[in-house]
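Keep the sequence and the 3D view open side by side.

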Amino acid sequence: MDGFQHEASWADKAFAFIADLQQHLMTHADVVRTKEQGAQWILEQVASSYKARALTLWLTHGPGEWTLAAATGIDIKSHQRLFGSQGSQQHLEVVRKTGQPLIVADLSSHSSLPFRAWSQLSGVRSIASFPLFGIQNHVMGVLTVMWEEAPVEDQAFFTRWTNVGRTLSLGWQWADLWQGTTQGEVVSRAVIRMTGVATVHLYQGKVVCYNHQFAELFGLTPDAGEVDLSRVIQAMRPRFSSPGDFLKTVRHITDNREMWVDEILELKGVPAHYLRWLSRPVYGAGAYQGRVAVFMDVTAQVMAERHHESFLSLAAHEFRTPVTIIQGVSELMQALPGAEAPEVAESARIIWRESMRLGRTIREIWGAAEAERDVSAEGKEPLDFAAMARAEVEIAQRMWPERTWIYHGPETLRAQLNYEMLVTVLQALLGNAGRFSPAGEAIEVDVTVAHDTVTLSVMDRGPGVDEAVKQDIFMRIPDPLRRPASGGMGLGLYLTGMFVAKMGGNVAYVPRPGGGSVFSVTLPLDISAKTL
């Protein structure tokens, strides 16, 4: 399933973080100092991702008992001098007792003399301490973050560092449990103890552990110990609405051990439920040791995305009819007696032009809703490719009369394609050329046929495409804060890439000799033989 779009959530980052830590422990940490090395690695990873003067990781063994597990940014002795004082210990104790973050915005005016003196010595102005929760939600430690300038304490600030703390808690527990007997045993304990989603761990070709969520989801016996992988796969397969897709990914993983998995799978049953499958390999001593995988329920996100797409599609459909009527009326106005009067002609032209721009924006909204959906066999229809291209060139000439538009190609060319998608592609490429070409320059549109394919090339004399982004201009969703001033949502090239691929073709950009751009689209004349 390709329709669900997601941003990197805390669960994504935590999964990647724990997998990276596991990799580090298997390849670098020695048995004697596993926990200490793990703690330092954890803190250095945070320091490399977030802007702060210094970080400390404190672990508590009970009231008033604190150990500095790791520090970065400022040497450990300096940290120990600060938190060795009674006032600083009280700071940590408040976090431990309340389970809430504690922020000191200005150390220089703090009531505790050690805080004030340490601030003057180190240059640190503000500190914030966040609780690290362990098993049964008790505070196992404190992450203290230090800044030379006070940060903005908004909701994003608290959410970010709270999630960092949650991830560090998981990481420390993992490192703590790793210092055990065999790696397989420790991994089993850690996975079952730490993970709140369905989790399975493969080690040396066997399923060495899975938690109760995984067992319940796929009908397996809890706490079964090592289980043959084929048996687990057979238990999982019937639960999916498309078992073939699941088995196909399993085969790909088997053939390519380095493969990372991030897929959405639909479960059988009514109402529909969806799982997000995350999996990545684990290596030890330079050799492949297995992989860890989680299955998270993302039904709410998938359904929300579908409702959003349906709303956009419906809204675009409802707006199309009145906009088409406005376009027709504006053209009728230009044909009425007296329409040649300058003020009437100009008004009619503006109405027509702006209704066309609005129509293209509506088409982009429709395209954004349709871009992730599969193309059905009914989506194609017989059409005249050349006539459609010439019609769009004529419209572009009216919308951008300061440019010269030249069409090269056949008068007619029968094809079997998706009409709506093809119109979107034509309007996007011609619209780009019209907006960015200088006045007085010629824009050439070529249609050529080779065997069973047709190629449309749009050549302009605009500024071209920045070298830094030209490799992914058809794949990037544009920044909504940088919408083109000339209208539209800026989705044209993204939709072009999506729709051309769905119609079984390909799209390309090359700089035009002498300056400008050449955008080319190649499509099969009949997509019935293509796999969508």
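**An aromatic pair to start from**

Both Trp147 and Phe157 are buried, where buried means under 20% relative accessible area, exposed means over 50%, and partly exposed is in between (1.4 Å probe, protein chains only). This is a predicted model: local features need pLDDT of at least 70, side-chain atom pairs count only at pLDDT 80 or more, and totals for chains, interfaces and linings use all residues. Residues are numbered from 1 along each chain as its sequence is written, and side-chain values use heavy atoms, with hydrogens and water left out.

A search of the whole structure finds 14 aromatic pairs. Trp147 and Phe157 form a tilted one, with 5.7 Å from centre to centre and 50° between the planes. For such pairs, rings of Phe, Tyr and Trp (its six-membered ring) must have centres within 6.5 Å; planes under 30 degrees apart count as stacked, over 60 as edge-to-face, and the rest as tilted. Trp147 lies in strand S5 (residues 139-147) and Phe157 in helix H6 (residues 155-178), so the pair ties together parts that are ten residues apart in sequence. Helices (H or I, at least four residues) and strands (E, at least two) are DSSP runs, numbered from the N terminus. Elsewhere, Phe214, Phe218, Phe240, Phe246, Trp277 and Phe295 form one aromatic cluster.

**The chain as a whole**

The protein chain has 15 helices and 17 strands. Of its 532 residues, 46% count as buried. The chain exposes about 26,600 Å², and carbon and sulfur atoms supply 54% of that area. Areas come from the Shrake-Rupley method with a 1.4 Å probe; for residues, only the protein chains shown count as cover. Now take the contacts, meaning heavy atoms within 4.5 Å. Among those in the chain with a separation of 6 or more, 61% are between residues 24 or more positions apart.

**Two loop residues**

Val124 sits in the loop between helix H5 (113-122) and strand S4 (126-133). Is Val124 buried or exposed? At 0% relative accessibility, Val124 counts as buried. Leaving aside neighbours within four places in sequence, Val124 is in contact with Arg53, Ile74, Leu107, Trp118, Ser119, Met146 and Trp147. Val124 and Arg53 are 71 residues apart in sequence, yet their C-alpha atoms are 7.3 Å apart.

Now turn to His451. This residue is in the loop between strand S14 (442-450) and strand S15 (453-459). His451 counts as exposed, at 83% relative accessibility. Phi of His451 is near 55°, a positive value in a residue other than glycine.

**A glycine in a strand**

Gly62 is in strand S1 (residues 54-62). Gly62 is buried, with a relative accessible area of 15%. Beyond neighbours within four places in sequence, Gly62 is in contact with Glu93 and Arg96. The C-alpha atoms of Gly62 and Met140 are separated by 8.8 Å, while the two residues are 78 apart along the chain.

Ala386 is found in helix H13 (residues 385-399). Ala386 is buried, and its relative accessible area is 0%. Leaving aside neighbours within four places in sequence, Ala386 is in contact with Tyr407, Pro410, Glu411, Thr412 and Leu413. Ala386 and Ala415 are 29 residues apart along the chain, with C-alpha atoms separated by 9.2 Å.

Tyr419 is found in helix H14. Tyr419 counts as partly exposed, at 35% relative accessibility. Tyr419 and Asp384 are 35 residues apart in sequence and 9.8 Å apart in space, C-alpha to C-alpha.

How do H14 and H15 pack, and at what angle? Helix H14 (residues 419-436) and helix H15 (residues 492-502) pack at about 145°, with their axes 9 Å apart. Axes are lines fitted to C-alpha atoms, for helices over the stretch in contact, and angles run from 0 to 180 degrees between N-to-C directions. H14 contributes Met421, Thr424, Val425, Ala428, Leu429 and Asn432 to the contact, and H15 contributes Gly492, Leu493, Leu495, Thr496, Phe499, Val500 and Lys502. By class, this contact has eight nonpolar, four polar and one charged residues. Here Ala, Val, Leu, Ile, Met, Phe, Trp, Tyr, Cys and Pro count as nonpolar, Asp, Glu, Lys and Arg as charged, and the others, Gly among them, as polar.
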